[in-house]
Structures are given as structure tokens and as C-alpha cells.
Amino acid sequence: MPKKFIEGLQHFERRHFPDRAATFRRLVIEGQKPSALFIGCSDSRVVPELLTGAAPGDLFMLRNVGNMVPPYHDGIGDDSCAAAIEYAVDVLRVRDIIVCGHTHCGGVAALLQPRNEIPLHVARWIEHARAAQRDEDLNDEQSMRELEKRNVLLQLDHLATYPVVQKALAEQRVALHGWLFDIAHGRVDIFDVETGEFLPAGGE
Ligand SMILES: [Zn+2]
């Protein structure tokens with residue numbers, strides 16, 4: 001275990017937690033009431049709390065390679081994504097669901113790699129993003145940014161196949177959002193339904 005992590009734990013216990021003990025205790029007594037479900041990539045460079053300023057209790061999190069949402073099915077399979085979505089929407093009653101992609105995403109880039117060069121389960125998993133790929137996609141910056149954006153929109157479409165999400169949308173108690181975090185430039189672009197573009201969250 002890296003020494004910095006142990007030191008981090010000690011810092012949390014001795015310094016960070018005591019300053020916020022009341023908040024944590026309230027979250028235990030009242031339970032969590034996160035306002036949003038954040039679906040993000042497992043990528044270590046994506047730090048949702050840092051990007052959003054979220055505090056403990058604010059974000060319910062679902063993370064996996066390429067911030068993907070397998071289309072809804074009620075058969076046997078990996079239930080982890082469906083369980084997180086159902087719990088967030090039906091039990092916790094989150095008001096917003098954010099699918100947050102990011103630049104330089106290895107999961108999305110793997111779509112353009114030969115299948116035999118990718119670990120087995122990664123190769124299988126990224127098929128959930130295959131429909132975002134276009135024949136003309138190249139392994140260059142511009143193409144990758146567009147593919148990463150299309151992947152976010154595709155996963156939002158998949159999200160809308162879940163009955164709990166459809167019900168919540170019909171009752172107008174949840175809103176879906178597509179974000180793209182640009183790692184190099186430190187900014188998040190948000191999909192704008194009216195223009196069909198990803199626009200800077202901070203305005204320009
Ligand atoms: Zn990624």
C-alpha cells in the first residue's frame with residue numbers, strides 16, 4: 001500500500017473528519033439523500049467531487065470503463081448498473097442523472113483497436129458503445145472528442161430504456177444530462193438539447 005494512502009487515511013481520521021463529524025452523523029441518522037446519480041468512467045483522472053464541488057451525501061455514483069449503461073434487459077446478466085440506476089431513481093429519488101464522459105478515454109479509444117489487442121472483458125464491455133462509432137472515425141484528437149461525445153449521448157439513450165427511468169421521466173421528477181470533462185483544459189461541456197452541441201458549463 002502506498003505510504004501516501006496511509007497518510008491520507010490518518011489525515012482523514014485526525015483532521016478532516018473531526019471538522020465534519022456533525023455532517024457525517026446527520027447523514028447516518030437521516031440517511032443519504034443525494035440529488036443526483038453520477039455515471040462516470042473508472043478513469044483515475046475523473047474526480048467527480050472535485051469537478052462539481054459535491055460533498056459527502058450529494059452524489060450517488062456509478063462508475064465503469066467508458067461511463068457506459070448497458071441497454072435495459074430483464075434477463076440474467078451483470079446487474080450492477082441496473083441495480084444502481086433502480087436504487088437511485090426508485091429508492092433515493094434522485095432528481096438528476098448525469099452521464100459524464102471525458103477526453104482521452106481509454107474505454108472509448110478501445111473501440112478503434114483490434115479486438116485481439118484488448119483484454120477479453122474490456123472488449124466485451126465496450127460493445128455497449130459500439131453504436132456510437134462511425135466508419136470514418138480515426139484515431140486522432142478531433143475524431144476521438146466527437147466519439148466521446150456520441151458515446152455520452154448513446155448512454156443517455158440506453159438510460160432511457162430502463163422502466164424506472166421512463167416512469168420518472170413521465171412524472172417529470174428526473175432530468176438526464178450529458179457532460180464531457182476535458183482533462184487537459186480543466187473544463188466540463190454540457191450537452192444542450194436546443195443546439196445539439198456540448199457547450200461550456202462555465203459559459204464563454
Ligand atoms: Zn474513460
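Mentor: The account below goes from the whole chain to the core, then to the strands, the loops and the domains.

The model is a predicted one. The chain contains seven helices and six strands, and their order along the sequence is α-β-α-β-α-β-α-α-α-α-β-β-β. Along its principal axes, the C-alpha trace spans about 55 × 45 × 45 Å. Buried residues account for 28% of the 204 residues. Of the contacts with a separation of 6 or more, 66% are between residues 24 or more positions apart.

The largest nonpolar core has 41 residues, and those that touch the most other members are Leu37, Ile39, Val94, Ile97 and Ile98. At least two residues of this core come from each of β1 (36-41), β2, α3, β3 (96-102), α6, α7 (163-170) and β4 (175-182). The largest share is that of β1, with five residues. Leu37 illustrates how the core is joined. Neighbours within four places in sequence aside, Leu37 is in contact with Phe60, Leu62, Ile85, Ala88, Val94 and Ile97. Two of these partners, Val94 and Ile97, are also among the core residues that touch the most other members.

On one pairing, β3 runs parallel to β1, and five bridges join the two strands. Within that pairing, Ile39 is placed opposite Val99 in β3. On another pairing, β3 runs parallel to β4, with seven bridges between them. There, Asp96 has Ala175 in β4 as its bridge partner.

A further pair of strands lies towards the end of the sequence. Strand β5 (residues 187-192) and strand β6 (residues 197-200) run antiparallel and are joined by four bridges. Asp189 stands opposite Pro200 in β6. Four residues lie between the strands of this hairpin, and Gly196 takes a positive phi near 70° there.

Asn67 belongs to the loop between β2 and α3, and its phi is about 40° although the residue is not a glycine. Asn67 counts as buried because 30 C-beta neighbours lie inside 10 Å. Arg93 is placed in the loop between α3 and β3, with a phi near 55°, again positive in a residue other than glycine. Arg93 has 13 other C-beta atoms within 10 Å and is therefore partly exposed.

Pro70 is found in the loop between β2 (59-64) and α3 (80-91). Pro70 has 18 C-beta neighbours inside 10 Å, so this residue counts as partly exposed. Apart from its neighbours within four places in sequence, Pro70 is in contact with Cys81, His128 and His158. The C-alpha atom of Pro70 is separated by 26 Å from that of Ala54, which is 16 residues away along the chain.

Arg150 itself counts as partly exposed because it has 18 C-beta neighbours inside 10 Å. Between the C-alpha atoms of Arg150 and Ile97, which are 53 residues apart along the chain, the separation is 17 Å.

Finally, the domain assignment divides the chain into domain 1 (1-31) and domain 2 (32-200). The C-alpha centres of domain 1 and domain 2 are 29 Å apart. Contact between them involves four residues of domain 1 and four residues of domain 2. On the side of domain 1 that touches domain 2, two residues are nonpolar, two are polar and none is charged.

Conventions: Residues numbered from 1 in each chain as written. Predicted model: local features only at pLDDT ≥ 70, side-chain atom pairs only at ≥ 80, totals over all residues. Buried ≥ 20, exposed ≤ 12 C-beta atoms within 10 Å, placed from the backbone. Contact = placed C-beta atoms within 7 Å. Core = buried A, V, L, I, M, F, W, Y, C linked by C-beta atoms within 7 Å. Domains from an automatic or database assignment. Nonpolar A, V, L, I, M, F, W, Y, C, P; charged D, E, K, R; others polar. Pairing = 2+ DSSP bridges.
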